[in-house]
Amino acid sequence: MSYPNPYQILGLCLAVLVLLVVLRKERPEMALVLSLATGVLLFLYLLAPLGQAFRILRDLGARAGVGAEPLGIVLKIVGLAYLAELGSSLARDAGESALAAKVELLAKVTMVVVSAPLIAGVAETLAGILR
Amino acid sequence: MWGAEIIWQLAGIGILVAVIYSVLKQAGRDELAWVVTLGGVAVALLLVIRLINELFQNVRAMFGL
């Protein structure tokens, strides 16, 4: 099991925080790029442990008899949520909360479309019980 | 730790641009100061876009999006 060193991550965050506070007053657009880069980098660090967590989930799902397809849909939705959060929080930091709201709305609608097979399956099961 | 050097590069570019901007503004060359700011942002975005590309490829592989 490998995971990023929490002390290194925290140190990086603190250093970037100081730089951001200094930069945001002078050059807000540079602060925006710096915060974007830090967010992306932290997400890249997160990917390795996240992959391990997904492997555990797949393993548990296989033991419980859950097929690979529903689990894949759930993972897709988790990925969409992470990406949307990255974009919308960045926009909100830059003071563009309207754009952030649109990004979140887009992500929600995409999630509904992606999860359509699951919703259809639930509806079918319910109809079968009621009949 | 890998990848962190891009953070220091970006912070350096930002501070450099801020200093050059204020010097040029003091010298009365406002339009040149604006161009320096724009150039700094463009260079910073070019640095970040590789990182974003890497992130998107990883996310696509992991989540199956």
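Helices (H or I, at least four residues) and strands (E, at least two) are taken here as DSSP runs, numbered from the N terminus. The model is a predicted one, in which local features need pLDDT of at least 70 and side-chain atom pairs count only at pLDDT 80 or more, whereas totals for chains, interfaces and linings use all residues. Residues are numbered from 1 along each chain as its sequence is written, and chains are lettered from A, with ligands numbered from 1, in the order in which they are written.

**View 1. Chain A as a whole has five helices and zero strands.**
From the N terminus on, its elements run α-α-α-α-α. Chain A has a radius of gyration (taken over C-alpha atoms) of 20 Å, well over the 14 Å that the globule rule gives for 131 residues, so chain A is more spread out than a compact globule; the rule is 2.2 Å times the number of residues to the power 0.38. Along the principal axes, the C-alpha trace of chain A spans about 65 × 40 × 15 Å.

**View 2. Chain B as a whole has two helices and zero strands.**
The radius of gyration of chain B is 16 Å, while a compact globule of 65 residues would have one near 11 Å. Its C-alpha atoms fill a box of roughly 55 × 25 × 10 Å, taken along the principal axes.

**View 3. The contact between the chains takes 28 residues from chain A and 25 residues from chain B.**
Two residues are in contact if their C-beta atoms, placed from the backbone, lie within 7 Å. On the side of chain B that touches chain A, H1 and H2 of chain B each supply at least two residues, and H2(B) gives the most, with 13 residues. By class, this side of chain B has 19 nonpolar, five polar and one charged residues, where Ala, Val, Leu, Ile, Met, Phe, Trp, Tyr, Cys and Pro count as nonpolar, Asp, Glu, Lys and Arg as charged, and the others, Gly among them, as polar.

**View 4. The largest nonpolar core has 18 residues, of which A:Met30, A:Val33, A:Leu34, A:Ala37 and B:Leu10 touch the most other members.**
Such a core is a set of buried Ala, Val, Leu, Ile, Met, Phe, Trp, Tyr and Cys residues joined through C-beta atoms within 7 Å. Two or more residues come from each of helix H1 (6-26) and helix H2 (28-64) of chain A and helix H1 (5-26) and helix H2 (30-63) of chain B, with the largest share, nine residues, from H2(A). Leaving aside its neighbours within four places in sequence, A:Ala37 is in contact with B:Ile6, B:Ile7, B:Leu10, B:Val48 and B:Leu51.

**View 5. In H2(B), the buried residues are B:Gly40, B:Ala44, B:Leu51, B:Val59 and B:Phe63.**
These residues pack against H2 and helix H3 (68-93) of chain A together with H1 of chain B. H2(B) is followed by B:Gly64, whose phi is positive, near 70°.

**View 6. In H1(A), the buried residues are A:Val16, A:Leu19 and A:Leu23.**
These residues pack against H2 of chain A together with H1 of chain B. A:Tyr7, also placed in helix H1 of chain A, counts as exposed because it has 8 C-beta neighbours inside 10 Å.

Key. Buried ≥ 20, exposed ≤ 12 C-beta atoms within 10 Å, placed from the backbone.
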